[in-house]
Each structure stands twice: as structure tokens, then as C-alpha cells.
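Morning, everyone. Please bring the model up on your screens, and we will walk through some side-chain contacts.

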Amino acid sequence: MFRVLLITTFAAGILGASIPWGVVPIPDGRIIGGEETTIEKYPYQVSIRYIGSHRCGASVLKTNVVLTAAHCVYGASKLLLRFVAGSSQRNSGGSSIYPDNIVIHSGYSPSTAQNDIALAICQEHWVFSDTIQPIQLPSASPAVGSSVIVSGWGTESEGASEIPINLRAVEVKIVDKKYCSDAYVPTGYPILEGMLCAAVSGGGKDACQGDSGGPLNSGLTQVGIVSWGWGCAQADYPGVYTDVATYASWINSNA
């Protein structure tokens with residue numbers, strides 16, 4: 001089943017621990033097969049809250065700038081958004097800042113998820129500490145076969161209605177883009193410029209609903225943003241991420 005996150009500016013379906021649903025269908029990103037972890041290990045991790053509940057992941061770029069997927073903030077009222085860093089738990093602790101401006105890539109396509117990248121420029125500033133640190137931008141796309149870590153508070157199985165309280169992370173490997181593109185041919189959803197893929201042989205490890213917008217990292221360097229995929233952790237379909245290196249100039253120009 002195609003993972004779909006439905007973004008809305010309304011409150012319906014966004015309360016409690018449920019995944020946010022709404023009216024604009026776009027491909028969703030997704031942690032399956034991983035383990036519970038702490039914010040000290042991934043101090044760049046951010047939880048995007050919408051009307052008080054976790055909506056998506058994101059990452060700390062500067063003391064007042066957040067990097068995420070466009071589909072996480074597309075159609076959302078900035079008045080109802082806040083960004084929480086510095087906590088391992090999605091429902092308590094941490095430090096919140098609020099957006100003054102949301103910058104979505106002008107080429108973002110909700111139907112194909114191309115250019116699925118956005119920045120939030122916030123009013124307040126975080127204070128960097130052991131639990132809040134910025135990501136670094138990559139100088140090039142990651143090599144095929146390299147190990148990377150995806151983290152977040154997404155569902156632990158495809159189609160689950162509950163998301164975990166504690167931060168989780170899983171290690172996956174970068175997949176050859178042609179292999180990934182060929183794998184997705186039957187779905188009708190192409191792997192386009194600015195996308196990269198990651199998975200493990202045989203499936204079983206992946207991001208899932210609620211992880212969207214979160215970081216795919218090699219150390220403190222963020223190489224990808226959780227974007228979309230077909231199901232979660234399926235053997236034949238790698239997870240698809242925004243290739244951060246492709247957008248480094250755009251990020252630097254708008255952050």
C-alpha cells in the first residue's frame with residue numbers, strides 16, 4: 001500500500017497520538033526494525049507539532065531555522081505549528097520555537113513529491129546544548145552502500161494508528177538510484193531528480209508514517225529528508241528521501 005500523509009489546516013484527526021490526516025494527498029515518509037534511543041545521540045532531531053500533537057520530524061539547521069519536508073508544512077497554518085527540540089519524548093520536555101516564515105521550495109510538487117523540502121524560520125532561538133545541536137550540510141550525495149541512520153517518532157508497523165512516545169532510530173544503506181527507479185516502475189511513481197533511496201536487503205527496516213520530514217544522517221551530516229515510499233519496510237520498495245546535497249545552495253540561500 002502506498003504510504004500517504006494527508007495534510008490539512010484543520011484540526012480534525014490531529015489530536016492525541018493519531019497520525020495527522022486531512023485533505024491534500026501526497027506521498028508520505030515513515031521507524032520500523034529500529035530501536036529506542038535518546039536525543040543525546042541525535043541532538044538535531046525535531047518534532048513538528050500541529051495543534052499540539054506530533055505531525056512530522058525535522059532537523060535543527062540553525063538556532064532559529066528548521067529543515068523538513070515540504071509535504072509536512074504544505075497547507076498548514078504557521079499559527080498552529082511549533083517545533084520542539086531537545087527531548088527524546090514526542091509528548092513532553094524539550095524547547096519550543098514558533099515559525100515566523102515557512103519557505104517551501106518553489107518547485108515542490110504534491111503529486112510527485114519532487115523538491116520535497118522546506119525551511120521554517122522561527123521567531124525565537126534555541127540555545128545549543130548536549131540535546132540540541134545543528135546538522136551539517138553534505139558536500140555531495142552519499143555513496144551507494146554507505147550506512148546512514150534515520151530517526152523519528154513514526155509508526156513501528158505499516159498502517160499502525162499509534163506512534164511511539166520515545167525517539168527511535170534505525171540503520172539503513174543507500175541504494176543505487178537506477179535499482180530504486182526500476183523497482184518503482186510498477187507503482188507509477190517515478191524516482192526523480194533530487195531524490196535518493198535507502199533500505200536493507202530483504203526489507204524489515206525503514207521509516208514510516210510520522211517520520212516524514214525527519215533526518216537521514218551520516219554522523220552529524222544530514223544526507224536525506226524522509227519523504228515517501230510504497231508501504232513501509234517492504235523488501236521490493238526502498239524508502240525514498242529528498243537528497244539534501246542537491247538542495248544545499250537553496251538551503252543556504254533561504255536559511
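I will take the rings first, then the charges.

This is a predicted model, where local features need pLDDT of at least 70, side-chain atom pairs count only at pLDDT 80 or more, and totals for chains, interfaces and linings use all residues. Residues are numbered from 1 along each chain as its sequence is written, and side-chain values use heavy atoms, with hydrogens and water left out.

Rings, then. How many aromatic pairs does the structure hold? Five. Rings of Phe, Tyr and Trp (its six-membered ring) pair if their centres lie within 6.5 Å; planes under 30 degrees apart are stacked, over 60 edge-to-face, the rest tilted.

Tyr74 is partly exposed, at 31% relative accessible area. Tyr108 is buried, at 10%. The cut-offs: buried is under 20%, exposed over 50%, partly exposed in between (1.4 Å probe, protein chains only).

Now look at Tyr184, Tyr189, Trp228 and Tyr237. Ring pairs link these four residues into a cluster.

On to charges. Side chains of opposite charge can pair when their charged atoms come close. The structure holds one salt bridge, meaning a side-chain nitrogen of Lys or Arg within 4 Å of a carboxyl oxygen of Asp or Glu. Which residues meet there? Lys178 and Asp182, at 2.9 Å, N to O. Lys178 is exposed, with 57% relative accessible area. Asp182 is partly exposed, with 43%.

That is the tour.
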